[in-house]
Amino acid sequence: MDKLQIDGGRRLEGTIAIAGAKNAALPQIAASLLSPHALTLTNLPQVGDVANMLSVVGRHGVAVNVAGPHTATLNAGPANHVEAPYDLVRKMRATVLVLGPLVARFGRARVSLPGGCAIGARPIDLHMKVLAQLGASVAVESGYIVAEALSGLAGARIVLASPSVGATQTAMMAATYATGETEIVNAAGEPEVADLAACLAAMGANIEGAGTHRIAVQGPTNWRAARHHTIPDRIEAGTYAMAAAITRGHLELTGARLEHLGALAQMLETVGARMWPTDRGLMVACDGRVAAADISTEPYPGFPTDLQAQYMALMAVADGACAIRETIFENRFMHVPELVRMGADISLRGSTALVRGRTKLVGAPVMATDLRASVCLVLAGLAAEGQTTVSRVYHLDRGYEDLARKLVRCGAAIRRVPE
């Protein structure tokens with residue numbers, strides 16, 4: 001395992017290229033299992049989760065041809081293996097996304113209950129209910145989700161109890177094989193959902209309404225070979241936007257899209273930073289100490305839970321006090337004790353963190369507990385006096401491509417060294 005050593009207090013200035021969206025790429029890789037024809041995905045980020053998902057579909061029999069650092073062609077024509085064992089899926093929860101494509105195409109699937117970040121319950125029951133409503137029999141047996149639909153799936157009206165991104169994606173993928181129309185109500189509206197729909201449409205699927213709370217899928221699908229360019233990562237872009245704000249710097253984020261970051265752009269404007277579009281992406285600038293402002297995480301287009309930890313690091317050095325309410329995951333404040341080690345003034349009251357901004361943070365040894373918590377500590381280290389050492393940075397490798405090098409090119413002092 002490696003760790004990062006960060007000498008704080010340096011203003012960031014320069015250009016950072018935003019990679020493809022990890023959370024868009026993962027379901028698209030799973031979707032390759034649906035079609036007997038090749039799917040070429042471009043703009044794939046070079047991160048651990050993507051490499052792991054490529055391994056997962058490879059174990060199912062998909063021929064994976066990596067044709068460069070950000071492109072892979074996936075041919076599921078020879079795929080026939082319907083079991084995903086625990087040793088394959090234990091690293092991340094997104095591997096449950098192979099469940100829908102497997103049972104839809106092959107009539108059965110046996111997928112281990114997944115692992116991933118320890119940030120609270122991410123129940124897979126919504127995935128199971130979706131498949132059951134499409135006509136599959138679904139049960140949990142000895143730590144595995146076992147689903148069968150040997151007579152095929154049938155279109156249905158699916159009303160999700162909550163706008164779950166994963167359950168929406170499972171419903172969309174499985175419905176491409178269902179006979180007749182499937183209507184998904186209370187669907188998630190995240191850009192990653194719309195991008196999966198665009199990928200499926202390129203593969204031959206008939207999908208309408210993706211990006212809204214009602215999606216219609218007409219099946220079954222006439223599959224064809226396809227090529228799809230994954231959208232830029234709005235969470236990576238938001239992370240670097242707050243890196244600019246916390247260091248009082250200027251960063252151009254090439255490839256980033258303002259329409260995916262409306263809630264963050266509005267909040268940065270509120271606290272005293274600026275974000276505006278350029279012909280290459282977005283510019284973010286901050287010339288002084290930010291002001292404190294409350295947020296509450298919400299499903300898209302609200303403030304993303306995946307940017308909550310980074311925002312807390314920014315508020316730790318803000319002028320004033322604020323409340324940060326987490327409504328998506330009940331255990332997503334594990335970065336708080338580590339920020340406190342660096343001098344932050346944060347107290348927890350249930351699902352709300354009360355943050356009183358300090359004029360400075362102080363470098364300290366800290367430990368990452370999950371993907372977004374790890375980058376939150378990096379941001380805090382950039383703003384702190386002295387040296388911060390962030391351990392367990394393998395969490396960072398799951399979702400950020402070349403983070404340390406990107407920051408160093410913009411003036412940060414970061415070294416990656418063995419533990």
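1. Val57 is located in helix α2, which covers residues 48-59. The model discussed in this note is a predicted one. With a relative accessible area of 0%, Val57 is buried. Setting aside neighbours within four places in sequence, the contacts of Val57 are Ile29, Ala30, Ser32, Leu33, Val62 and Val64.

2. Helix α1 spans residues 22-31, and because 9 of its 10 residues are buried, it is largely enclosed by the rest of the structure.

3. Thr168 belongs to helix α6, residues 165-175. Its relative accessibility is 0%, so Thr168 counts as buried. When residues up to four places away in sequence are left out, Thr168 touches Leu160, Ile184, Ala187, Ala188, Val193 and Ile215. The C-alpha atom of Thr168 lies 9.1 Å from that of Gly189, a residue 21 places away along the chain.

4. Thr176 occupies the loop that runs between α6 and β11 (180-185). Thr176 likewise counts as buried, because its relative accessibility is 0%. Not counting residues up to four places away in sequence, Thr176 touches Leu34, Leu200, Ala205, Val217, Gly219, Pro220, Thr221 and Trp223.

5. Helix α10 is mostly covered, with 8 of its 8 residues buried. These residues are Gln308, Ala309, Gln310, Tyr311, Met312, Ala313, Leu314 and Met315.

6. How is the packing of two helices described? For α10 (residues 308-315) and α12 (residues 371-383), the angle is about 20° and the axes are 8 Å apart. The two helices are therefore roughly parallel, an angle under 35 degrees being the criterion. The crossing of α10 past α12 is right-handed.

7. On the α10 side, the contact with α12 is made by Ala309, Gln310 and Ala313. The α12 side contributes Arg372, Ala373, Val375, Cys376, Leu379 and Ala380. Classified by residue type, this contact of α10 with α12 comprises 7 nonpolar, 1 polar and 1 charged residues. The three contributors from α10, namely Ala309, Gln310 and Ala313, are also among the buried residues of that helix. As background to such contact patterns, an α-helix has 3.6 residues a turn, so residues three or four places apart point the same way.

8. Which arrangement do the rings of Phe303 and Tyr311 adopt? Phe303 and Tyr311 form an edge-to-face aromatic pair, with 5.5 Å from centre to centre and 65° between the planes. A search of the whole structure returns 2 aromatic pairs, and the pair of Phe303 and Tyr311 is one of them. Both partners count as buried, because the relative accessibility is 5% for Phe303 and 0% for Tyr311.

Note on methods:
Residues are numbered from 1 along each chain as its sequence is written. This is a predicted model: local features need pLDDT of at least 70, side-chain atom pairs count only at pLDDT 80 or more; totals for chains, interfaces and linings use all residues. Side-chain values use heavy atoms; hydrogens and water are left out. Axes are lines fitted to C-alpha atoms, for helices over the stretch in contact, and angles run from 0 to 180 degrees between N-to-C directions. Helices (H or I, at least four residues) and strands (E, at least two) are DSSP runs, numbered from the N terminus. Angles under 35 degrees count as roughly parallel, over 145 as roughly antiparallel, 65 to 115 as roughly perpendicular and the rest as oblique. A crossing is left-handed if the near helix is turned anticlockwise from the far one by less than a right angle, and right-handed if clockwise. Contact means heavy atoms within 4.5 Å. Ala, Val, Leu, Ile, Met, Phe, Trp, Tyr, Cys and Pro count as nonpolar, Asp, Glu, Lys and Arg as charged, and the others, Gly among them, as polar. Rings of Phe, Tyr and Trp (its six-membered ring) pair if their centres lie within 6.5 Å; planes under 30 degrees apart count as stacked, over 60 as edge-to-face and the rest as tilted. Buried means under 20% relative accessible area, exposed over 50%, partly exposed in between (1.4 Å probe, protein chains only).
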